[in-house]
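Please consult the sequence and structure shown below while reading.

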Amino acid sequence: MAVFLQPSLSSVPKLESAVASRPLRGRRGSGGPRMCAAPDPLTAVAGLLWGRSLPPQSLVAAVRTAWSAAWHLMMRQLAPSARAGTYSRPPSAFPSVSDEYYALPLESLRLHLYVGLPCPWAHRTIIVRALRSLESLIPVSIASPAPMAPGTSPTAAAAAPIYGSRRGGYEGRSTVPMLWDSAKGEVVCNESYGIVEFLNSIPGGGPDLSPPELRVRIEQWNQIIYPNVNNGVYRCGFSQSQEAYDSAAEKLFETLELLEAHLAVSRYLCGDALTLADVCLFTTLIRFDLVYNVLFRCTRKKLLEYPNLHGYTRDIYQIPKVAATCNFDAIMDGYYRILFP
Ligand SMILES: N[C@@H](CCC(=O)N[C@@H](CS)C(=O)NCC(=O)O)C(=O)O
């Protein structure tokens, strides 16, 4: 991701129509077979090589080997894996917000949030910022792979240079979300849960998403949902061996069944009040059928096939301000065109 644009969270599509109307790849018309079109050069070469037959097995094998080598090379950088081919997410360099930020009034700070719209981790922070009505106190810049459009805000910036501009320099991964202290020129935190906990602690409007009496239950759900669902979909999609994939998929769908049963008797994870645990689950579920079911091969079931989980996702989507944080075009673009072109 290279370029940051100002937020454009105002268009609010209906969930079903937004999801249903998205083609999986590109936007080419369906077009039927063209009757008189001349064969393109590659088709002509293939015709010369093996006529109307299917390509020879030796070619299929060679392409598979080359493709697999290139894929593993790409995955080395994109998704570091342990020996058994299990995806191992790199730890965040700035995992929590230090106490000094909790102690100071927000007005005395100059904080800026960097996010990406396709990213489920960043989406958590955008939702909490909105629900806590912190929009005017914490400005946001949105990472966008698209070229900067004319008329966008001059606050546009890039993530890597921001990281690189901190006093001690930076050699790690320039991930979003990232909370930046503009006064000090320092990264405050680049771990989504650390950021949402901090945003929730700021006195402001909106409900407390982590009330003291629910904290233990929230943490219990996080311990289940983070490894098996939030990171679980990545463990499926980024697995580099059959065993690693099987184990990740097993845990993912086992956990979805558990959640489905729980949501039959509870509106949200911890009862009738929305909490941080729900926000974190929601940002994975809202991407499930659109992206993870297809691209990350979480194919055993679709979200639509879980009546309670699906209803729960719709319920959260309809909470005022939440729908405006969901940008399905950016999600599709980010995963299908940018992450896995
Ligand atoms: N554990 C981090 C994960 C953040 C993360 O992986 N973000 C992705 C975007 S979805 C990213 O910026 N990746 C760029 C990279 O790894 O270089 C969190 O929860 O904030």
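In which strand does Ile142 lie? Ile142 lies in strand β3 (residues 140–144), where helices (H or I, at least four residues) and strands (E, at least two) are DSSP runs numbered from the N terminus. The model is a predicted one, in which local features need pLDDT of at least 70, side-chain atom pairs count only at pLDDT 80 or more, and totals for chains, interfaces and linings use all residues. Residues are numbered from 1 along each chain as its sequence is written.

**Overall architecture**

- The chain holds 13 helices and five strands.
- Of the 341 residues in the chain, 35% are buried; a residue is buried if 20 or more other C-beta atoms, placed from the backbone, lie within 10 Å of its own, exposed if 12 or fewer, and partly exposed in between.
- Among contacts between residues at least 6 apart in sequence, 74% join residues at least 24 apart, a contact being a pair whose C-beta atoms, placed from the backbone, lie within 7 Å.

**Ligand surroundings**

- Around the ligand are Ser92, Gly116, Cys119, Trp121, Arg173, Thr175, Val176, Pro177, Glu191 and Ser192, each with its C-beta atom, placed from the backbone, within 6 Å of the molecule.
- This shell comprises four nonpolar, four polar and two charged residues; Ala, Val, Leu, Ile, Met, Phe, Trp, Tyr, Cys and Pro count as nonpolar, Asp, Glu, Lys and Arg as charged, and the others, Gly among them, as polar.

**Annotated positions**

- An unreviewed UniProt entry annotates Cys119 and Tyr234 as "active site"; UniProt positions follow the numbering used here, feature names are shortened, and annotations may be inferred rather than shown by experiment.
- These residues span 116 residues in sequence, yet no two of their C-alpha atoms are more than 11.9 Å apart, so they gather at one spot.
- Cys119 is placed in the loop between β2 (111–116) and α5 (120–131), and counts as buried because it has 24 C-beta neighbours inside 10 Å.
- Tyr234 belongs to helix α8 (residues 215–237) and is partly exposed, with 17 other C-beta atoms within 10 Å.
- Leaving aside residues up to four places away in sequence, Tyr234 touches Tyr87 and Arg89.

**Helix α9**

- Helix α9 (residues 242–262) has 21 residues and reaches 30 Å from its first C-alpha to its last, close to the 30 Å expected at 1.5 Å a residue; the expected span is 1.5 Å times one less than the number of residues.
- Its buried residues are Ala244, Tyr245, Ala248, Ala249, Leu252, Leu256 and Leu259.
- Seen down the axis of α9, these buried residues fall within an arc of 120 degrees, so they line one face of the helix; the arc is that of the directions from the helix axis to the C-beta atoms.
- The cover over the buried residues of α9 includes α8 and α12 (307–317).
- On the face turned away from the buried side, α9 carries the exposed residues Gln242, Glu243, Asp246, Glu254 and Ala261.

- Most residues other than glycine have a negative phi, and most peptide bonds are trans.
- The peptide bond from Val176 to Pro177 is cis, with omega near 5 degrees; Pro177 lies in the loop between α6 (159–164) and β4 (178–181).
- Ile142 is buried, with 24 other C-beta atoms within 10 Å, and its C-alpha atom is separated by 9.5 Å from that of Pro177, 35 residues apart along the chain.
- Ser133, in the loop between α5 and β3, has a positive phi near 55 degrees.
- Arg297, in the loop between α11 (288–292) and α12, has a positive phi of about 55 degrees although it is not a glycine.

How values were computed:
Contact = placed C-beta atoms within 7 Å.
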